[in-house]
Amino acid sequence: MHLDHDPAAPPAALIGFDDFLAVDIRVGTIVAAEPYPEARKPSLKLRIDFGAGIGEKKSSAQIATLYAPAELIGRQVAAVVNFPPRQIGKVMSEVLTVGFADDAGNVVLFAPDRAVPDGSRLF
């Protein structure tokens, strides 16, 4: 599912600005997090509040190696909110929580460095 994590990899093929605008990446606040031991890779089940326009959504995120559920509550994260829901094992993931790979290939969450309103869109 993940693309090449190599920081030295060349950029992906060029896209038009309209292609970028089609991907709706919003910020939300994690309101619940729990282990997902049935997942193939170390994962957590998240419930993220994206504010009034989108509401709460569920996500299965491969972040359990670096993050404990309790430390995530109240943290803002970015997620793609306009992909169709995807079945991840027994969990229906409604959004794709985004991050970057560290040197060991573990997912580091992508988030604003200052609080912004839930539902704010990346541009």
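Guide: In this predicted model, the largest nonpolar core has 16 residues, and those with the most contacts inside it are Ile30, Leu46, Ile48, Ile63 and Leu72. The elements that give two or more residues to this core are strand S1 (25-35), strand S2 (44-49), strand S4 (76-80) and S9, and the largest share, three residues, comes from S2. In soluble globular proteins, nonpolar side chains tend to be buried together.

Once its neighbours within four places in sequence are set aside, Leu46 is in contact with Ile30, Ala32, Ala33, Lys57, Lys58, Ser59, Ala61, Ile63, Leu72 and Thr97. Among these partners, Ile30, Ile63 and Leu72 also belong to the residues with the most contacts inside the core.

The sheet comes next. It is an open sheet of five strands in the order S3-S2-S1-S4-S7, with antiparallel pairing. Strand S3 (56-61) and strand S7 (96-97) stand at its edges, each with a single partner strand, so one side of each has no neighbour in the sheet. S1 and S4 pair in the antiparallel sense over five bridges, and Ile25 stands opposite Val80 in S4. On to the next pairing: two bridges join S4 to S7, and these strands also run antiparallel. Val80 has Leu96 as its bridge partner in S7, while the bridge partner of Ala79 in S7 is Thr97, a residue that is also listed among the contacts of Leu46.

S4 deserves a separate word. Five of the five residues of S4 are buried, so this strand is largely enclosed by the rest of the structure. Both of its faces are covered, with Gln76, Ala78 and Val80 buried on one side and Val77 and Ala79 buried on the other.

For the setting of these strands, the secondary structure of the chain comes to two helices and nine strands, and from the N terminus on the elements run α-β-β-β-α-β-β-β-β-β-β. Buried residues make up 28% of the 123 residues in the chain. Among contacts between residues at least 6 apart in sequence, 57% join residues at least 24 apart. With 123 residues, a compact globule would have a radius of gyration near 14 Å, and the chain, at 14 Å, agrees with that. Its C-alpha atoms fill a box of roughly 40 × 35 × 30 Å along the principal axes, and its accessible surface comes to about 8100 Å², of which 58% belongs to carbon and sulfur atoms.

Finally, the aromatic rings: the structure holds two aromatic pairs. Phe17 and Phe20 form a tilted pair, with 5.9 Å centre to centre and 35° between the planes; being three residues apart in helix H1 (residues 17-22), they are separated by about one helical turn. Phe17 is exposed, with a relative accessible area of 58%, whereas Phe20 counts as partly exposed at 31%. Phe100 and Phe110 form an edge-to-face pair, with 5.5 Å centre to centre and 80° between the planes. Phe100 lies in strand S8 (residues 99-101) and Phe110 in the segment after strand S9 (107-109), so this pair ties together parts that are 10 residues apart in sequence. Phe100 counts as exposed at 53% relative accessibility, and Phe110 as partly exposed at 30%.

Conventions: Residues numbered from 1 in each chain as written. Predicted model: local features only at pLDDT ≥ 70, side-chain atom pairs only at ≥ 80, totals over all residues. Heavy atoms only, no water. Phe/Tyr/Trp six-rings, centres within 6.5 Å; stacked < 30°, edge-to-face > 60°. Helix = DSSP H or I, 4+ residues; strand = E, 2+ residues; numbered from the N terminus. Buried < 20%, exposed > 50% of the residue type's maximum accessible area, 1.4 Å probe, protein only. Core = buried A, V, L, I, M, F, W, Y, C linked by side-chain atoms within 4.5 Å. Contact = heavy atoms within 4.5 Å. Pairing = 2+ DSSP bridges. Rg over C-alpha atoms; globule rule 2.2 N^0.38 Å. Areas by Shrake-Rupley, 256 points an atom, 1.4 Å probe, with all protein chains shown as cover.
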